[in-house]
Amino acid sequence: MGLSRRGFLKMTGAGVAGMALGRLGIDLTPVSAYAAGLKIDGCKEFISICPFCSCGCNTLVYSRDGKIISIEGDPDYPISDGGLCAKGASLKSLHTSPERLTKPLYRAPGSDKWEEKPWDWMMERIAARIKETRDRDFKEKNAAGQVVNRVESMFHLGSSQVSNEEAAVLHQMVRALGIVHFDHQARICHSSTVPALAESFGRGAMTNHYTDIGNADAILIMGSNCAEHHPMTFKWVIKAKEKGAVVMHVDPKFSRTSARSTFHVPIRSGTDIAFLGGMVKYILEKKKYFEQYMMEYTNASFIVGEKFSFTDGLFSGFDPKRKKYDKSAWAFEKDEAGLPKRDTTLKHPRCVYNLLKKHYDRYDTKTVSSVTGVSEKDILRVYEAYTATGRPDKAGTVIYALGWTQHSVGVQNIRLSAMVQLLLGNIGIAGGGINALRGEPNVQGTTDHALLYGYLPGYHNVPTADRPTLAEYLKAETPATKDPKSVNWWGNRPKYVVSLLKSWYGDNATKENDFCYSLVPKLDPGMDCSHLYIFDRMYKDQIKGGTIFGHNPAQSIPNTHKVRKALNSLDWLVMGDVFHNETTDNWHAPGFDPKNVKTEVFLLPSAYRAEKEGTISNSGRWHMWHYKAADPLGESRNMGEMFVEIMNRVRALYAKGGTFPDPILKQDFPETFDADAVAKKCNGWFTKDVTIGDKQFKKGQQVPGFAQLADDGSTVSLCWVYCGGYTEAGNLAKRRDLTQTPMQAKIAMFPGFAWAWPMNRRVLYNRASVDPNGKPYNPERVVIAWEDGKWVGDVPDGGAPPMAMEKGTYPFIMTTEGRSQLYGPGRADGPFPEHYEPAETPLSVNPFSKQMNNPCMKVIESNMDTLAKNADPRFPIVLTSYSLTEHWCSGSETRNGPALLEAEPQQYIEMSHELAKEKGIANGDVVDVESLRGTCQAVAMVTVRIRPFTVAGKTLHLVGMPFAFGWTKPKCGDSINRLTVSIGDPNTTIPEYKACLVNLRKAEKVTEL
Ligand code: SF4
């Protein structure tokens, strides 16, 4: 009798009552008596997904008469085995909370109260405000006279809380309206991940997946406290440790992750590149690299052109006025055929291997120790343990989160870890990879669907004004190679872009009209419309109105003093959320008189996760369906319905006339929101009968995979990476099959559970787990193998034979050259990561060069943006931030959970005993924490978890505060972002949340909120 884990639990009485154990010959009397009293008697069971972290824990929701009775973990979810952390365990109380928004609320300009309004009234007024603003401010051309067809005075923010299907219709709506100020949480949590991993391997996603962490021999956790912030991840860390893995936690403070690791190494926030740069030096000097992997699968042997140089902190090609590099100075030297020249002897002074060696030669252990505050002994302990995985039979994995991403060098932090992994041969293998622990529940999916100003769904750069035709756009965006062994998969980009345009504009999109490419709004080249710039332009009165769904920027964006002022300068603001938060209620925030706030505010009550259906994608790219278990509370609605209704009301208005109506009226937009229908379209279908090879497909038939998408208008697909997930075989995101072959079971692959993009491939770049003849490097942990002329195991990352064989191809199919990139010439701030101090630094000298900070970092300038000078004596302490197990992100949801709030009730600041003594602060004192941007109060938590660092020969203090609190509740302490800086990484403009300078003192008076 085959039983799933959940089935077994049901059978034993822990699930739905009434299942007969008598069939198993067990005396049922006591169980039946117990089961009869279960609160879930008569309930229906639905599978849903926790709406918090990207572990995506599946839940079982029990509802009766449309109401939620109970929510518990799903034992069949392979990642959690039915476990839930504190947040997941509180889901029922959050879904049924009396604090939920249940009616549409309106706040008139200058009013001091909310008014309940009917949905119809709200929707009509919202559509009118959108049209009025668009008609007034629509810009056909930019200052250079190029056609741009955009609106700059409107914005949209959010949300990684939405499902993939909601994201797809939202993206379509935003582009149709011509909005370019468009961003969501991915910008502020993991935007640096995508360009870092894409530059290194070809794709921007986590390479492996959660259950695979259990296969590692060494685990390096840096910039993450996953035991507390991604708890189900840590389960797999512990599994690996129990099998003998060494677990290293390199992080500023001691936490639960440190406590369960083999050892913890405290590091000064903002010095990860120094630490990892030293590891690269160690690998190269001690020959710890995996030689065949490095030679065959990376660009170590490529020769860089003569224009490349690096002098005292700056690469060649730097323009100090524009603070930008001319990246052509970093190009590879090419042969007559246009291919990069290689030196497989590694003797050429400009081959990547030698440049790498030279670059990191300065990163000796002594200097690294002096900069990072890590003792030389601890540095070597990590280097030795981790680099021991540079062998075919060993696997090391890197786990990181916001501790790496949120820096002015965020992209390069991750790039350097990717380089370490490539040198050690740790990419593509079981137990290896870079496990980027994405933040919000569906931030992977909403990044794939590009709720970001700079991308179209599926990772295509947004068109710019200097590419007025589709042909020009595709020519510039589609890489080409003459190397027959390089797959260069991005060479297929035209098929994906055309299929996207075809799905947006339907029959109106034809080859003759460039598939309506001219209707897509264009950015000016280099235009930055991310969060920091949105709020800067709002503050400068250039943005007049907009929409925010499932996002709380008045709490979560740096320098919230400015953000809050900016929001209260708007003419109108539409928000959709589950609870009140600092943004919904900003018009009466401390320091503002509602009478003076002219903003017309529309607050739309949103359905919560278990009240709607759709898919989310966890961090490991598992694409999973969740079912609607209960009716939305009160009058709340799911966001997909809201987007579709708003857009359709706007369309109705434009049908009667308005400015440049074509992008709105020519859309193939749904009349009502149906998650299943949108999921089908994300995959895509054929628009006519076609024959591909020896196969025939009928019009309307689902496309079996993205290899069948075409650039002639014969296919639609809203997001090519999801093509293959909803085929004629059905919606594969709904799969719950836990069966595995022995080979798959050995590495916990679970290929039948849900579906993973791309094409159900569980480990990206898995062709690098085998040698050039297709033989697994590690026969004990096989991901794929070439056997009898075919691949077995995981879905191979490219179906061609292994690289050494006839018709064989290189394993990194997404890079132009087919090899992974140790040297990455595509990023804004250099082909090799270099240590620069954070924008605010306690040091006056950078020991590695004369260049103190990242020369290309984005500095926002306004009269409210300030930056402490280097080693500013007024602010000698480094402040870093972090999450909590009990609260999620800005805390706007979890602060409404009584149990969660009881466990973590207030803003606090962790500091060492030494600092507390120096400042005369005792445990429990209320403290004023001050930066150049402002002050925030917090309760002192004096602890040994944070210790003073010795940096550059001096004692340096670091303090930490959680980022989950705000003024609305609880009434103690405001957001840490009253202190943080508006500085962005040059590649993504992710803000530097993790290191700014503060001072602190015991508060004389506790501020009432
Ligand atoms: S917050 Fe994350 S670890 Fe906790 S229950 Fe939800 S998905 Fe699982």
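Pro 970 sits in the loop between strand E39 (958-962) and strand E40 (983-984), where helices (H or I, at least four residues) and strands (E, at least two) are DSSP runs numbered from the N terminus. The peptide bond from Lys 969 to Pro 970 is cis, with omega near -10°. This is a predicted model, in which local features need pLDDT of at least 70, side-chain atom pairs count only at pLDDT 80 or more, and totals for chains, interfaces and linings use all residues. Residues are numbered from 1 along each chain as its sequence is written, and side-chain values use heavy atoms, with hydrogens and water left out.

**Backbone**
- A cis peptide bond also joins Trp 757 and Pro 758, with omega about 0°.
- Pro 758 lies in the loop between strand E29 (755-756) and strand E30 (784-787).
- Most residues other than glycine have a negative phi, and most peptide bonds are trans.
- Ala 450 has a positive phi of about 60° and is found in the loop between helix H19 (443-448) and strand E18 (455-456).
- Ala 450 is buried, at 0% relative accessible area (buried means under 20%, exposed over 50%, partly exposed in between; 1.4 Å probe, protein chains only).
- Ala 952 has a positive phi of about 50°, and its relative accessibility of 47% makes Ala 952 partly exposed.

**Cysteines**
- The structure holds zero disulfides (pairs of cysteine sulfur atoms within 2.5 Å).
- Cys 43 is buried at 10% relative accessible area, and Cys 53 is buried at 9%.

- Residues around the ligand (a heavy atom within 4 Å of it) include Cys 50, Cys 53, Lys 87 and Met 232.
- Helix H3 (86-89) and helix H10 (231-242) are the elements that give two or more residues to this shell.
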